[in-house]
Amino acid sequence: MSLSLENTINQKMNNIFSKLGLDTKFAAVKVSDRPDLSDFQCNGALALAKIEHKNPREIASLIAAELQSDSSFAKISVDGPGFINISLSDDFIANNMDEIAQDERFGVAKVEKPITIVMDFGGPNVAKALHVGHLRSAVIGEAIQRIERFAGNKVISDVHLGDWGTPMGMILAEIINQDGDLSKTESYNIDEISAFYKKANIRCKEDEQAKEKARIITAELQNGKPEYRKAWQHLRKVSVDAIKKNYEALDAHFDLWLGESDAHETCGKIVALAAQKGISEVDDGATIIRLEGNKPPVILVKSDGGFGYQLTDIATIKMRYDDLHADEILYVVDKRQSLHFEQCFETADKLGIAPGVKLQHIGFGTVNGADGKPFKTRDGGVMNLEDLITLSKNKVRESIPTADEVDGYSEADIEKLVNQIAIGAIKFQDLKNNIASGYVFELDDFAKFEGKTGPYIQYAIARINSILRKAGEANIKEGKIVITNKEERDLALKIAQLNAIIIRAHNEKEPSVISDYAYTLAQSFSTFYNVSSIMNAETTEAAASRLKLAKMVRDILKQLLYLLGIEAPEVMLKKASAE
RNA sequence: GUACCCGUAGCUCAGUUGGAUAGAGUAUCGGCCUCCGACGCCGAGGGUCGUGGGUUCGAAUCCCUCCGGGUACGCCA
């Protein structure tokens, strides 16, 4: 059960609606659009009146009359065409705060029936450095993973490594091209392997024959030619080691490090199953499945005998159903691939390989430059992830003192702080907008950690930490919340929204709901902080109450940042000279 | 050509599924540090919600037209 204020009010509304014989689906209240008039509002009377052809104000008045008798509400009114405005009593709010303060989940409910969600995000490729395109999948995927776990679901995340396609043949071909054979392959490190891939990529774009050769090698690799397999194993291992470091830096974590290659055997089974069910056919030498509408067909087996990537994804669905017992599979992948997923999902349905499983593609927009086109470095190249992180760290260092300039901090301490702020800034920027809609990466404004940014929230936390340190954190457990002014009341009402926010982020798979709320919560606290002295409050009761409230805000903000995959530094240092 | 997405303040974006006076950040201008961390707070200006129609008590939101932008469309992944 949830301690949420909104739920409590909804419960009361439900009771009143059933008592009056009204459909309870119209009973829901929401945070008021008119804070000058009320705390919550219910618009159900308007919708009801439309259906039943009655006067909305009359219905609203009946409901309002019932609400009047409840002492939890300070003021009830019917306004405009039939809005029911509900204002809460300060005691009711204060009691709710006390309840939330005692609960380790801050009154946030868990889902009634936990399910198993397999999450597919990351999607790195062997021999290729992670670039900004990989950033969003990792950052968004990690956030959704944490939100789902907090909501009570079981999540199994899989990085789904790109280790089995034509690029593998291309790179092997390139090594053979240079060395004559693959004997030296196992001496190559990640940089050398990446260099081979880059060369191979250029060569295959220009030279159709080289591309053909790469295709043949790919097919032989997939068919198990020992020499190729051995070299490929090395490429894969070195790449995975490098990629793990990258994701570590982003604080993104995967339960499984499976790749396309792991689906190879199942791919064969899918081809057989499709043939057996009579839904596949051979067209131009390729084995395909035709789909509904005017969607292009799925290519299972290419005319050269190689498995297409759609087949790999379809086989992976089967594995996730059979082996991982997924109830739901989420793909956090660039939205430009939405057609691909529609095709795969439809095929999975035709084949009946994952009955009852909800398959969902969470498509995200691209990271764009100032020109609105996909982000490029100033010299026109693709920005890789490590460079982006370095860039952000350098910006942070401009406003943070070095270890020499401040007492009590080692170089490692400073470096950790720089890292927390830099990664927090990158991640928050990525998560503050709707994930479907892409965003503009402002290279020039990136230094400014003011306004709606990760560091703003980190700063709010650090400031509360400072207050709690001075007050002595241990002795603020006692005391009751009392509401003494408007800012304090607004802050409490903001805290009370937490449960609804988490539920919404979970339902919509939308981390920006949380980033937005975290920002406004920090903002409410700042406003409160600016007008009300916490440690020198008017009375000792008010001081105790405010400390308790401050601690709640700090703990909630930390939890919210955690859900976004962002760390909260204990302190935020600032250069003495910086103004 | 076919399908899908987008157009809201100078700029970057919200807008809880049809509700009241469309909100934030940034930028600009003005105020607030002898007082818990000013990476902060308060205030001001800034809008034909791309256009034209329709649905209804009520539209940024739903339907249609047009204009402008984007993306994807059989053997790359």
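In this predicted model, strand β10, helix α12 (residues 338–351) and strand β11 make a right-handed β-α-β unit; a crossover is called right-handed if, with the strands pointing away from the viewer, the path from the first strand over the helix to the second runs clockwise. Helices (H or I, at least four residues) and strands (E, at least two) are DSSP runs numbered from the N terminus. Local features need pLDDT of at least 70, side-chain atom pairs count only at pLDDT 80 or more, and totals for chains, interfaces and linings use all residues. Residues are numbered from 1 along each chain as its sequence is written.

The two strands of this unit, β10 (residues 328–334) and β11 (residues 358–364), pair in the parallel sense over seven bridges, pairing being assigned if DSSP finds at least two bridges between two strands. Within this pair, Leu330 has Gln360 of β11 as its bridge partner. Helix α12 lies across β10 and β11 and runs at about 175 degrees to β11; such angles run from 0 to 180 degrees between N-to-C directions, with axes fitted as lines to C-alpha atoms, for helices over the stretch in contact.

The unit belongs to an open sheet of four strands with parallel pairing, in the order β6-β5-β10-β11. Strands β6 (154–158) and β11 stand at the edges with a single partner strand each, so one side of each is left without a neighbour in the sheet. From one strand to the next, the twist averages 20 degrees. Helix α5 (residues 132–151) packs on the sheet and touches β5, β6, β10 and β11, where contact requires C-beta atoms, placed from the backbone, within 7 Å.

Definitions and conventions: Chains are lettered from A and ligands numbered from 1 in the order in which they are written. Two residues are in contact if their C-beta atoms, placed from the backbone, lie within 7 Å.
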